[in-house]
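Please take a moment to look over the sequence and the 3D structure before reading on. Then we can walk through it together, one part at a time.

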Amino acid sequence: MVVIIDYQAGNLTSVVRSLKVLGVAGEVTQDPAVVARAQRVIFPGVGAAGKAMAILQELQLDQALQEAFARGAPILGICLGAQVVLEYSDENENTRCLGVLPGRTRALPRQPGLKIPHMGWNQVRFLREHPIFKGLPEGAEYYFVHSYYPSPAQEDMVLGVTEHGATFSSVIGWRNLVATQFHPEKSGRFGLQLLENFLAWDGSYAE
Amino acid sequence: MLSKRIIPCLDVRDGRTTKGIKFKNNVDIGDPVAMARHYYEAGADELVFYDITASSDRRDIMIEVVRQVAAAILIPFSVGGGIRNLQDMRAVLLAGAEKVSVNTAAMLEPNLIAAGARDFGSQCIVLGMDVKKVASSEAIPSGYEMVIHGGRTPMGIDALWWAQEAERLGAGEICLNSIDADGTQAGYELTLTRMISAAVSIPVIASGGAGTPEHLAEVLTTGRADAALIASMVHYGTYSIQEIKDYLQQRGIPVRLLW
């Protein structure tokens with residue numbers, strides 16, 4: 001069972017639709033008990049870290065996610081979901097986050113003439129091999145919409161990077177968690193390939 | 001490096017696309033879903049739909065179109081035209097659009113932008129601007145005025161001021177249409193586009209006047225636009241998106257070439 005966590009952070013219809021294209025009926029839930037039974041978890045979301053964390057705590061989804069990680073269920077974070085898995089976010093004044101991975105979410109550095117939010121298609125340079133990158137060609141682009149990015153404490157947790165003014169980590173991962181700052185569900189066939197790879201992944205990856 | 005986006009724009013009335021289209025393959029030219037699928041496969045980076053349905057009791061047809069388009073493509077698309085309140089926004093977003101575009105309603109009630117950004121996130125809220133060049137005055141210091149009704153009704157609002165105000169209110173993007181250039185196929189309004197794009201930090205989509213790939217190159221460099229809206233030049237089969245992107249790449253402009 002693939003569970004998509006709904007914590008009122010944006011529209012989940014495109015994630016559900018993409019899974020449907022792959023022949024998988026994802027279950028959208030706000031219920032921690034459902035997350036506890038999930039074989040596989042997708043943790044999407046757009047919006048601000050502060051509000052997201054407040055809702056996750058209120059629904060007790062914060063614990064459910066931490067437990068899902070601890071028991072080894074493959075987890076895919078997307079966009080805001082890739083940010084709040086870290087310990088802190090600079091958004092909304094040092095928001096305390098889930099702390100599944102060490103590190104913090106930082107604002108994209110502003111510079112003259114650089115558009116923020118980083119919105120549109122951009123490339124990802126894969127720094128390490130990972131099962132979810134299987135079959136993705138060099139030069140493929142993915143759809144981004146964000147002003148913050150995840151910055152894990154350990155360098156080996158950065159799986160892919162992207163350029164927008166500066167270089168930032170756009171794919172992070174450790175053990176059974178992998179997370180993309182971009183939206184695979186809106187990134188055409190390469191995004192779909194990544195989702196398909198995630199559905200086939202057993203969750204094992206370097207410690 | 002962030003690619004410049006090429007965005008076909010489709011006008012929809014009563015659930016049917018309005019422009020006569022000459023595709024080489026067998027696409028039903030009046031079917032917005034078939035056209036969306038065609039442009040998705042042809043390399044469009046995003047799509048824009050404008051609902052020009054006149055009668056309000058036929059609006060639900062558009063929601064059904066949005067639902068079907070969302071099931072047919074895996075790239076972002078926005079929907080504009082007739083979005084008057086939060087309920088309209090919610091209906092379009094829940095049907096599967098990534099973004100909603102507000103224009104006249106936001107000028108009449110600017111708080112709609114703030115409320116939309118609060119409820120759905122800034123990334124969902126596109127400010128549509130129809131702009132006309134006028135003589136500089138105290139009320140319109142930039143010399144560009146907001147207009148409605150296809151340019152027939154001036155609003156007395158300075159376009160530069162309004163773009164910055166909308167960003168402050170929480171708009172995530174601006175779709176900037178020059179009424180003077182619209183439909184001419186003689187090139188985008190570069191001065192206007194450059195002025196607005198330089199004055200805000202959110203992305204600006206240039207609209208109105210595209211006729212050749214050279215026009216896109218101009219507006220994406222000189223005009224500083226982040227994306228270019230196109231209509232007739234692809235709807236009538238004059239150019240393919242591939243041809244446009246190949247040209248832009250040769251000019252050193254970053255575009256998405258794999259899809």
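Predicted model: local features only at pLDDT ≥ 70, side-chain atom pairs only at ≥ 80, totals over all residues.

The largest nonpolar core has 84 residues. Those with the most contacts inside this core are I7(B), V100(B), M129(B), I174(B), I205(B), A228(B) and I230(B). Which element gives the largest share of this core? That is helix 1 of chain B, residues 32-42, with six residues. Another core, of 61 residues, lies apart from the largest one, and Y7(A), M157(A), A179(A) and F182(A) are among its members.

If we leave aside the neighbours within four places in sequence, V100(B) is in contact with S78(B), V79(B), G80(B), I83(B), M89(B), V92(B), L93(B), C124(B), I125(B) and V126(B).

Now turn to helix 1 of chain B. Eight of the 11 residues of this helix are buried, so helix 1 is largely enclosed by the rest of the structure. The buried ones are P32(B), V33(B), A34(B), M35(B), A36(B), H38(B), Y39(B) and Y40(B). What do they pack against? Their partners are strand 1 (5-13), strand 2 (16-17), strand 3 (47-51) and helix 2 of chain B. After helix 1 of chain B comes G43(B), which has a positive phi, near 105 degrees.

Two packed helices are described by the angle between their axes and the distance between the axes. For helix 1 and helix 2 of chain B, the angle is about 30 degrees and the axes are 9 Å apart. Angles under 35 degrees count as roughly parallel, and helix 1 and helix 2 of chain B are therefore roughly parallel to each other. Their crossing is right-handed. On the side of helix 1 of chain B, P32(B), V33(B), A36(B) and R37(B) make the contact, while helix 2 of chain B brings V65(B), Q68(B), V69(B) and A72(B). These contact residues divide into six nonpolar, one polar and one charged.

A second pair to find is helix 3 (residues 86-94) and helix 5 (residues 111-120) of chain B. These pack at an angle of about 40 degrees, with their axes 10 Å apart. Helix 3 and helix 5 of chain B are therefore oblique to each other, and helix 3 passes helix 5 in a right-handed crossing. Here L86(B), M89(B) and L93(B) of helix 3 meet A115(B), G116(B), D119(B) and F120(B) of helix 5. Five of the contact residues are nonpolar, one is polar and one is charged.

Next, look at where the chains touch. In this contact, 25 residues of chain B meet 28 residues of chain A. On the chain B side, helix 2 (59-72) and helix 3 are the elements that give two or more residues. That side divides into 13 nonpolar, six polar and six charged residues.

Finally, visit Q83(A), which lies in helix 5 (residues 80-83) of chain A. Is Q83(A) buried or exposed? Q83(A) is buried, with 30 other C-beta atoms within 10 Å. Not counting residues up to four places away in sequence, Q83(A) touches A49(A), S89(A), T105(A), Y148(A) and P150(A). Q83(A) and R17(A) are 66 residues apart in sequence, and from C-alpha to C-alpha they are 23 Å apart in space.

Terms used:
Residues numbered from 1 in each chain as written. Chains lettered and ligands numbered in written order. Core = buried A, V, L, I, M, F, W, Y, C linked by C-beta atoms within 7 Å. Buried ≥ 20, exposed ≤ 12 C-beta atoms within 10 Å, placed from the backbone. Helix = DSSP H or I, 4+ residues; strand = E, 2+ residues; numbered from the N terminus. Contact = placed C-beta atoms within 7 Å. Axes fitted to C-alpha atoms, helices over the stretch in contact; angles between N-to-C directions. Parallel < 35°, antiparallel > 145°, perpendicular 65-115°, else oblique. Left-handed = near helix turned anticlockwise from the far one by under 90°. Nonpolar A, V, L, I, M, F, W, Y, C, P; charged D, E, K, R; others polar.
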